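Visitor: Please take one part of this model and go through it closely. I would like the cut-offs stated as you go.

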Amino acid sequence: MEEKKADIEKFRIYEDIIPDFASFMEIIKTPQPYWLRVNTLKIKQQELVNRLQSKGFVLERYENMNAYKIAKMPVKHPGATMEHSLGYYYIQDLSSMAPVWVLSPIPGENILDMAAAPGSKSTMMAEMMENRGTIIANDINYNRLKSLAANIERLGITNIIVTNKDAQTAKWGKFKKILLDAPCSGEGTFRKNPWDFRFATDKERAMLVKQQKKMVENAWNNLEDEGILVYSTCTYHPLENENVVKYAVEKLNMEVISVEVPVPHAHGVMEWKNEEFSFYRKCVRIYPHLMDAGGMFIAVLKKR
Amino acid sequence: MQGGCSLQFSRKDEYREYFVERFGISKKVMMQYSFWQRSQKVWAFSGTLITERNIEILGVKALTLGKVPKPSTAFLRVVGSYATRNVVTLNSQDALKFLRGEELKGEFSVDHGYVIVRSTEDILGCGFYADTLKSLIPRKYRVQNTWI
């Protein structure tokens with residue numbers, strides 16, 4: 001328990017950038033609730049809600065979105081139901097849905113998801129696209145592709161092409177929309193499993209930042225002119241977030257576009273270790289104490 | 001998935017006819033999908049863009065080829081609600097048995113061979129009927145005792 005307490009204290013480096021930091025420190029001591037998204041390719045939202053509630057689930061819908069907090073469940077794991085096996089819903093944190101809402105996929109579009117496994121966002125996009133258009137869902141990790149494949153199959157997604165390439169160098173073609181939910185230090189997922197969470201060392205973070213910048217650069221290569229890149233991570237460190245966006249602005253001449261996201265959020269960080277980020281108001285930071293979910297950073301970049 | 005040495009898919013839309021003929025699914029529904037063969041597997045894809053080489057997965061596996069094609073539970077769960085023949089409808093008790101992988105006795109007015117099995121509410125998946133109804137639900141989808 002002492003070690004766990006010490007881990008939580010590592011978040012104190014963000015004391016000056018996370019609003020209402022005391023509430024943040026309180027909520028990360030609590031377990032993160034499960035959220036689910038109804039697979040509307042297979043079932044209507046209300047029909048699934050009725051079925052799960054008749055089995056003893058208590059679901060709280062977020063606003064008028066396809067996002068339900070599981071307030072109470074009669075099983076240990078929220079996937080231990082016949083409805084889950086039939087592909088009627090997907091367990092996905094509310095914060096993880098936000099980058100897809102920002103990207104706003106519509107039926108018929110072609111979209112590249114550069115780091116897709118296990119497929120939460122790719123399958124959500126496919127659902128919003130009504131299985132029309134095409135998603136290329138890529139991941140470099142072959143083992144993680146297995147979970148992506150299993151989710152595609154269970155959910156009945158028929159418009160995804162899965163590839164196993166290095167997102168730092170691969171060429172897929174030209175896209176109007178790209179999602180790069182970049183590999184990151186994952187601090188926003190801390191509440192899911194605080195006992196096993198390991199904070200990145202400085203050296204590991206430097207390696208991640210290098211990869212993230214290379215991936216953004218390669219996203220630029222795969223974007224059409226005027227195309228949109230949604231860059232997201234599930235971590236709080238500005239080096240992996242605003243710093244990478246600054247790289248895209250200064251080295252790739254990309255434009256930061258204001259983000260609209262239908263969940264409570266803060267804007268980006270203005271300054272970190274004497275480095276300023278002039279575009280900070282256009283970025284989004286989602287914090288667990290603002291909506292009882294995980295953490296997420298989102299920026300939208302346009303190719304000029 | 002092919003373990004990192006991706007074989008190429010080749011387009012074989014003739015497999016669309018299998019679903020039209022065997023299950024009476026309308027051509028209009030099936031025209032939403034193109035069909036792609038790799039080795040003994042056929043995949044159904046509703047996308048509109050194929051510029052990719054070295055693809056790992058393309059849509060959903062629809063058929064495994066053998067003496068006769070075997071439809072996948074995953075794809076039947078996508079198109080099964082449009083089927084007009086060779087469909088077995090189970091009551092909720094038998095549906096649960098079927099989802100547990102149990103064999104069911106009984107006579108059903110369907111042809112022998114692969115059938116679509118459903119309950120009043122859900123498309124459950126693929127079965128094989130020859131005097132008894134065998135469940136071909138993959139193990140990963142079978143209902144466990146601890147589930148509800």
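Guide: In helix 5 of chain A, the buried residues are A:L94, A:S95, A:S96, A:M97, A:A98, A:P99, A:V100, A:W101, A:V102 and A:L103. The model is predicted: local features need pLDDT of at least 70 and side-chain atom pairs pLDDT 80 or more, while totals for chains, interfaces and linings use all residues. Residues are numbered from 1 along each chain as its sequence is written, with chains lettered from A and ligands numbered from 1 in the order written.

This helix spans residues 94-103 of chain A and is mostly covered, with ten of its ten residues buried. Just after helix 5 of chain A, A:S104 has a positive phi of about 50°.

Chain B has four helices and eleven strands, and 41% of its 148 residues count as buried. Twelve residues of domain 1 of chain B are in contact with 13 of domain 2 of chain B, contact meaning backbone-placed C-beta atoms within 7 Å. On the domain 1 side, helix 1 (16-23), strand 6 (70-71) and helix 3 (73-79) of chain B each give two or more residues; helix 3 of chain B gives the most, with three.

Conventions:
Contact = placed C-beta atoms within 7 Å. Buried ≥ 20, exposed ≤ 12 C-beta atoms within 10 Å, placed from the backbone.
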